[in-house]
Amino acid sequence: MDLLNTLVDKGLRRELPTREEALAVLATSDDELLDVVAAAGKVRRQWFGRRVKLNYLVNLKSGLCPEDCSYCSQRLGSKAEILKYTWLKPDDASKAAAAGVAGGAKRVCLVASGRGPTDKDVDRVSETISAIKEQNEGVEVCACLGLLSDGQAGRLRAAGADAYNHNLNTSEATYGDICTTHDFSDRVSTVQQAQAAGMSACSGLIAGMGESDADLVDVVFALRDLDADSVPVNFLIPFEGTPLAKEWNLTPQRALRILAMVRFVCPDVEVRLAGGREVHLRSLQPLALHLVNSIFLGDYLTSEGQAGKDDLAMIADAGFEVEGTDTTTLPEHRRQGCGEGACASEDAGETADAGEPATTVPAPSDDTRRDLVSVRRRGAGTDLPPNA
């Protein structure tokens, strides 16, 4: 297949595909799926071998967010029956993180609901970062606290934060359809503030919200332009009690095509399989390891994930290995300041054709698996042990 040969060649050279090529990946048939996975797998192995980085989420503050992001179970007006609690104490958060590290996690992701942190919140999170770093040698810490104010990124970096996560989630053109309390540019600005402070940028997307193929390509190209080091790919978890509860637009095959497209556009970046993988990939999760080089271990913010021991067994059975703290995730050229934006070919300047037709959104499946959406009832904020 000429398309796949071209994309592999470009990926091995860290050359950006055209928008038309990225769209063509999403348009491939189920008969071509294994060829697509194999091609993207060559690019993945070129830059990351057979290593899988494990990440562990700690939800520092759950629920009661004033923002109205339609996909989120913690949003303003959400009726989802999730855990709701205020800030965990630094020691409690550190203990929760230790469970993930013991399970093999190399990065701990500290997340808090809300529009953005106050200065007092930054102090609290800084204490938590220090506690985690003191107790877990070599572990990376990523903060995800919402929109940052002036100076906050620098304070988090000084406290030891290695990375900051703030997802773009969807294309700029459709962002207003999923959120009205902030806009796309606010998110871009926060990622740039984190980068300016010396933190690694972690920013990704959510697929399955009713977006077109063009929207998916737009947001991935925007992430490439931002030069994010880590790109988490989430698949919408349609929580009952949220505006997108009826959006069941994904099949396992489509989810794999989306991951392959992200890998081709971001060949040398940490592509992370994030929330919703169990719900939408289901038994095809092991195939996704040929496309991504990073996953979350155990549970997510408000939903339960696959058992941690099953994650580890899946990685081993698929012939991959867990990345240790003594290994640097990113290829050397990205560690030396030559990020994607600086090293990409001239194709990186391509933009969408104004006359490009929007791809139709797949019809929702009639056999939606609502039984796979399981609200988290263990770990942080409870008296039960975490899943790690």
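Which residue of β8 does V231 stand opposite? I looked this up first in the predicted model, and I found V231 opposite V271.

**Entry: confidence**

I noted a mean pLDDT of 90 for the protein chain, with 91% of its residues at 70 or more. I then checked residues 337-365, where pLDDT stays under 50. The model has 47 contacts beyond four places in sequence for that stretch.

**Entry: strand β7 and its partners**

I turned to β7, residues 230-235.

On one pairing, β7 meets strand β6 (residues 205-207) in the parallel sense over three bridges. I206 has N234 of β7 as its bridge partner. I traced β6, α9 and β7 as a β-α-β unit and found it right-handed.

In another pairing, β7 is joined to β8 by four bridges, and the two strands run parallel. Here P232 has R272 of β8 as its bridge partner. The chain passes from β7 to β8 through α10, in a β-α-β crossover that is right-handed.

**Entry: strand β8 onward to β9**

I examined β8, residues 270-273, for the direction of its side chains. E270 and R272 point one way, V271 and L273 point the other way, and all are buried. I also found two bridges joining β8 to β9, again with the strands parallel. At this pairing L273 stands opposite I295 of β9.

**Entry: strand β1**

Which strands pair with β1? I found β2, β9 and β10 among its partners. I first checked burial: 11 of the 11 residues of β1 (residues 51-61) are buried, so this strand is largely enclosed by the rest of the structure.

With β9 (residues 294-296), the pairing is parallel over three bridges, and N55 has F296 as its bridge partner. With β2 (residues 107-112), the pairing is parallel over six bridges, and V58 has L110 as its bridge partner. I followed the chain from β1 through helix α4 (residues 90-102) to β2 and recorded a right-handed β-α-β crossover.

**Entry: helices α9 and α10**

At what angle do the axes of α9 and α10 cross? I read roughly 35° for helix α9 (residues 213-226) against helix α10 (residues 252-265), with the axes coming within 10 Å. The crossing of α9 past α10 is right-handed. I listed the residues that make the contact: D213, L216, V217, V220, F221 and R224 from α9, and R254, I258, M261, V262 and V265 from α10. For the spacing of such residues I recalled that an α-helix has 3.6 residues a turn, so residues three or four places apart point the same way.

**Entry: helix α2**

I looked at helix α2 (residues 19-26) and found six of its eight residues buried, so I take it as largely enclosed by the rest of the structure. The buried residues are R19, E21, A22, L23, V25 and L26. Their cover includes α1 (2-12), α3 (33-48), α9 and α10.

**Entry: two single residues**

I placed I315 in helix α13 (residues 308-317). Its relative accessible area is 1%, so I315 is buried. Beyond neighbours within four places in sequence, I315 is in contact with V52, L54, L289, I295, F320, E321 and V322.

Apart from neighbours within four places in sequence, S126 is in contact with R155, L156 and A159.

Notes: Residues numbered from 1 in each chain as written. Predicted model: local features only at pLDDT ≥ 70, side-chain atom pairs only at ≥ 80, totals over all residues. Heavy atoms only, no water. pLDDT = per-residue confidence, 0-100. Contact = heavy atoms within 4.5 Å. Buried < 20%, exposed > 50% of the residue type's maximum accessible area, 1.4 Å probe, protein only. Pairing = 2+ DSSP bridges. Right-handed = clockwise from strand over helix to strand, strands pointing away. Axes fitted to C-alpha atoms, helices over the stretch in contact; angles between N-to-C directions. Left-handed = near helix turned anticlockwise from the far one by under 90°.
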